[in-house]
Structure formats: structure tokens, C-alpha cells
Amino acid sequence: MTDKQQLKISRREQILQALAQMLEGNPGQRITTAALAREVGVSEAALYRHFPSKARMFEGLIGFIEETLFTRIKIITQSDASGIRQCEQILTLLLAFVEKNPGMARILTADALAGETDRLRGQVNQLFERMETQLKQIMREAEQREGIRTQIPAGSCASLLVATAEGKIRQFVRSEFRRRPTEHWPEQWPKLAEGLFRRQAQS
């Protein structure tokens, strides 16, 4: 890789980091390319040399979120942990990630995407749908391997778990990052698990 290519990658990363920081520091506000350019210390024209549009910048952040989460989710699903424990770890991962990256929380709730292209919201929807599918798969495998069944269909159960996590993330954004997503989670998860999972009776 040439020095010029490395500089271009570094500048792209710098732009995305600045965008994420501005989303965190300006809750509820729309980020303009002019403000982003000032934050990075370049001209708007320079921004567009690295990203053809602001939508592409948001796509870069959504891609970062997806890669970060699903790289770790793959490790979780390949572990020897029980199915219930894997579900807990995935949801805790999501909540802890947005707590550490408040700007990303605004993207996941689509708060930061108001006025942007519908394609971006579609990408966020796909991310959550992918996570829901992964949880459903874990539940089905847990039934086969461990005799653990869900009290309602696995699809409904996975949907409820993702909706719970989404609600906590939205609460985080609505409170302007004062209500942490992991707040009360250690006592909330056991109650969720108790209500949703049961061990299959031995015949």
C-alpha cells in the first residue's frame, strides 16, 4: 500500500470518527457537511473527495457497527456457552457497544438519519433483522442440544428480545445519553429468561 493510499484511508477514518463524535456531542441535531468539514479541519470539497455524499459517510458508520457486532457475535455462537447464555451475551454486547459509542446509538435508532436517504434506514433494519435471525437460530439449536424450549415460538421470542434491546437504546438517546443501556440489565435479563425459556420435560 502506498503512502498516498494509506493517507486516504486514514483521512476516511478521521472523517468517520469525527462524524461519530459530533453525533454524540450534538444530540438531537442534524450534522451538516459544513460543520463536519470544520470539525475535521478540511474543506467540504475535501470531504467529498473521500465520500461522494453524506449518505456514504453514514454507510461507513453502519458498516463499522455491523462488522464490530457480528465479528464478536460469531465468537459467541462458536463458544461452548449454553443457548440462553449466548442470547444474553449478544444482547449485552449490543447494549454495551452503544453505551461506549453514543453516536452509534443515534444511528441505530435512526435519530441521526432523519432527512437522509431511506436506504440508510433500510440498512439499519437489516442489521437488527440479522441479529434477530441469529437469536432465533441459537434458540432452535438450544432446543435440539440442550432440551431448552421457548415459551412462545422462537421467532416471537427473538423479536421480543431485540425489541427490548432497541427500547433501551432508544431510552438512551431520548435521555441525551443519561440513561445507560446497561442500567438494570443484570436484574432484567434473568426475569426475561425466566419468562421466555423452559427446559423440555424428559419423556
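Read along the sequence, the protein follows the pattern α-α-α-α-α-α-α-β-α-α-β, where helices (H or I, at least four residues) and strands (E, at least two) are DSSP runs numbered from the N terminus. The model is a predicted one, in which local features need pLDDT of at least 70 and side-chain atom pairs count only at pLDDT 80 or more, while totals for chains, interfaces and linings use all residues. Residues are numbered from 1 along each chain as its sequence is written, and side-chain values use heavy atoms, with hydrogens and water left out.

**Exercise 1. Describe the overall make-up of the protein.**

Step 1. Begin with the elements: the protein has nine helices and two strands.

Step 2. Turn to the extent of the chain, whose C-alpha atoms fill a box of roughly 70 × 40 × 25 Å along the principal axes.

Step 3. Consider burial, where buried means under 20% relative accessible area, exposed means over 50%, and partly exposed lies in between (1.4 Å probe, protein chains only). Of the 203 residues in the protein, 41% are buried.

Step 4. Finish with contacts, meaning heavy atoms within 4.5 Å. Among the contacts with a separation of 6 or more, 68% are made by residues 24 or more positions apart.

**Exercise 2. Work out how helix H8 is placed among its neighbours.**

Step 1. Helix H8 covers residues 154-174, which is 21 residues, and from its first C-alpha to its last it reaches 30 Å, close to the 30 Å expected at 1.5 Å a residue; the expected span is 1.5 Å times one less than the number of residues.

Step 2. The buried residues of H8 are Ala-154, Cys-157, Ala-158, Leu-161, Val-162, Ala-165, Lys-168, Ile-169, Phe-172 and Val-173. These residues lie on the same side of H8 because they cover an arc of only 165 degrees around the axis, the arc being that of the directions from the helix axis to the C-beta atoms.

Step 3. The cover over these buried residues includes helices H5 (83-100), H6 (102-108), H7 (118-146) and H9, together with strands E1 (148-150) and E2 (197-199).

Step 4. Just after H8, Glu-176 has a positive phi of about 55 degrees.

**Exercise 3. Which cysteines are in no disulfide, and how far away is the nearest cysteine sulfur?**

Step 1. A disulfide is a pair of cysteine sulfur atoms within 2.5 Å, and the structure holds zero of them.

Step 2. Cys-87 is in no disulfide, and the nearest cysteine sulfur, that of Cys-157, is 7.1 Å away. Cys-157 is likewise in no disulfide, its nearest cysteine sulfur being that of Cys-87 at 7.1 Å.

Step 3. Cys-87 is buried, with a relative accessible area of 0%, and Cys-157 also counts as buried at 0% relative accessibility.

**Exercise 4. Examine the aromatic rings and their partners.**

Step 1. Rings of Phe, Tyr and Trp (its six-membered ring) pair if their centres lie within 6.5 Å, and planes under 30 degrees apart count as stacked, over 60 as edge-to-face and the rest as tilted. The whole structure has three aromatic pairs.

Step 2. One of them joins Phe-172 and Phe-177, a tilted pair with 5.1 Å from centre to centre and 55 degrees between the planes. Both Phe-172 and Phe-177 are buried.

Step 3. Another tilted pair is formed by Trp-185 and Trp-189, with 5.9 Å from centre to centre and 45 degrees between the planes. Because Trp-185 and Trp-189 are four residues apart in helix H9 (residues 185-196), they are separated by about one helical turn. Both Trp-185 and Trp-189 are buried.

Step 4. The charged end of Arg-130 sits over the ring of Phe-70, 3.8 Å from its centre; for this, NZ of Lys or CZ of Arg must be within 6 Å of the ring centre and within 35 degrees of the ring normal.
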